[in-house]
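Thanks for coming. I will go through one model today, site by site, and keep it short. The structure goes up on the screen now.

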Amino acid sequence: MRDEATILHIDMDAFYASASLIARPELRGKPVVIGAGPRSVVLSATYEARALGIHAAMPVGRARRLAPHAIFLEPDHELYADISASVMEVFRSFTPLVEPLSLDEAFLDVAGVRRLIGDPVHIAESIRTRIADEQQITCSVGIATTKFVAKIASQHCKPDGLLQIAGDDVLTFLHPLPVKALWGVGPKTEEVLSRLGLRTIADVAHTPKTTLERALGQSAGEHLHNLAWGRDEREVYPWEPEKSISAAETFGEDLDDEEAILRELLRLTERATQRLRERGFKARTIGISVRFADFSTISRSKTLRDATSVTHEIFETARSLYQNLHLDRVRVRLVSVRLENLEQVGESAEQLLLTQGPKWAESDQARDQANQRFGGGSVRPARLLRKPTRDTRDVSK
DNA sequence: CCCAATATAAGTTCGCCG
DNA sequence: TGGACGGCGAACTTATAT
């Protein structure tokens, strides 16, 4: 194990509701609804929302009803991608070893540049200053010898903080924390651990590894035991290949009409396959998930003989997966389309056209180009021309 | 009663092959 | 022919994270 704390975990504070974002000219003075979840203005209970004068938290559906003309800053809004790209660029100006975890979080390994630029704390302060200057966003930085401890440290000092945990202090820092703080322990695992009488990370550390493995499975048991002793071998990888692409949509109201559900499925297939093609992938495995009114969820998938990126082909697979469920007017809340087993398409576009069936591949290509030129959704299958169902989200009830 | 969207990892079950 | 067994990939579920 390295004994010097050179791993940084940087977490933007209030990224999705940052003052700089709301101050953007195109948003100034307009009602803005932030977030996408059941409590769309998720931030009401947090420091950042108070600072911004946001008081109301409500489901996004209600927000749409109350303020239909508001600007909805959902997580996939392009403004966030812009800011994220700028921020990651700042990180990369300090070291190439930047591993983004999401739009607003990244790990950095500064071991190799410390002689060049300065010690990790100095680097962290420089980064915080630059992000504040350029984006008017505060961020919190955890510095430690491992990813895991760096991540907990940044949570610990949030907001607008910096916390370094030296190698010698790791266990003192870690052990009093609740098991929930272990990365990978969610509600289910917490419950299992609690039945074993384990409440703190120290408790987990002092439990025989075999006991943990029996209760949680081999891999998770061993992993947690290691983390509890501050052992985390994972390195900072600047790049990981993508493994799946998916698109999902929760309906404004539950649907039970097969025709309507298939229309949504086609729309989601469009969304997913377009991203697939943008990234130069084909997929061999097509999966769907269906969530019912009671929130239970099932999934089905099919692996094809040959990978494809053709909307038509993928939709037909998704459709047959759906129809094989033989749902008879069951109330459905969400469907999703997932593409897995991704393969990078070879250089030759000709080969793609020949092997994929010229007609559909060409029509996809033409549509992608048109959508790029005229904006997403300007060209779409005839089947989708009827009024989209999602707009029913904010009416009635 | 209410519970987003996207991605990853790992566990289980099952069928196929030798 | 019958069966136990192991390996393997596919299908599916569950858990977790942001």
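The side chain of Asp-13 comes to 3.4 Å from the backbone nitrogen of Cys-139. Asp-13 also makes a side-chain to side-chain polar contact with Ser-140, at 3.0 Å. A polar contact here is a pair of N or O atoms within 3.5 Å; within protein, one atom must be able to donate a hydrogen and the other to accept it, and residues adjacent in sequence count only if both atoms are side-chain atoms. Asp-13 sits in the loop between strand S1 (7–12) and helix H1 (19–22). Helices (H or I, at least four residues) and strands (E, at least two) are DSSP runs, numbered from the N terminus. Is Asp-13 buried or exposed? Its relative accessible area is 3%, so Asp-13 is buried. The cut-offs are under 20% for buried, over 50% for exposed, and partly exposed in between, with a 1.4 Å probe and protein chains only.

A word on what you are looking at. This is a predicted model, where local features need pLDDT of at least 70 and side-chain atom pairs count only at pLDDT 80 or more, while totals for chains, interfaces and linings use all residues. Residues are numbered from 1 along each chain as its sequence is written, chains are lettered from A and ligands numbered from 1 in the order in which they are written, and side-chain values use heavy atoms, with hydrogens and water left out.

Chain A has 16 helices and 11 strands. Of its 397 residues, 44% count as buried. Taking contacts in chain A between residues at least 6 apart in sequence, 66% join residues at least 24 apart; contact means heavy atoms within 4.5 Å.

Next, helix H6. Its 16 residues, 120–135, should span 22 Å at 1.5 Å a residue, and the end C-alpha atoms are 22 Å apart, which agrees. The expected span is 1.5 Å times one less than the number of residues. Which residues of H6 are buried? They are Pro-120, Ile-123, Ala-124, Ile-127, Arg-128, Ile-131 and Gln-135. Seen down the axis, these buried residues fall within an arc of 135°, so they line one face of H6. The arc is taken from the directions from the helix axis to the C-beta atoms.

After H6 comes Gln-136, which has a positive phi of about 50° although it is not a glycine. Gln-136 lies in the loop between H6 and strand S6 (139–144), and at 47% relative accessibility it counts as partly exposed.

Now the DNA, starting with strand B. It is surrounded by 20 residues, and the closest are Ser-244, Ser-246, Ala-248, Thr-250 and Arg-333. A residue is near a strand if one of its heavy atoms lies within 4 Å of it. What do the DNA strand B atoms within 4 Å of the protein belong to? Sugar or phosphate takes 83%, and the rest belong to bases.

Helix H12 (218–228), strand S8 (244–255), helix H13 (258–278) and strand S11 (332–344) each supply at least two residues.

On to DNA strand C. Of the 19 residues around it, Lys-151, Thr-189, Ser-299, Ser-301 and Thr-303 come nearest. Sugar and phosphate make up 96% of the DNA strand C atoms that come within 4 Å of the protein.

The contacts I picked out for DNA strand C come from the backbone. An N or O backbone atom lies 3.1 Å from a phosphate oxygen for Gly-184, 3.5 Å for Pro-187 and 3.0 Å for Lys-188. Strand S10 (297–308) and helix H9 (187–195) each supply at least two residues of the surface near DNA strand C, and S10 gives the most, with 6 residues.

One last item, a peptide bond. Lys-158 and Pro-159 are joined in cis, with omega about 0°. Pro-159 is in the loop between helix H7 (147–157) and strand S7 (162–164).
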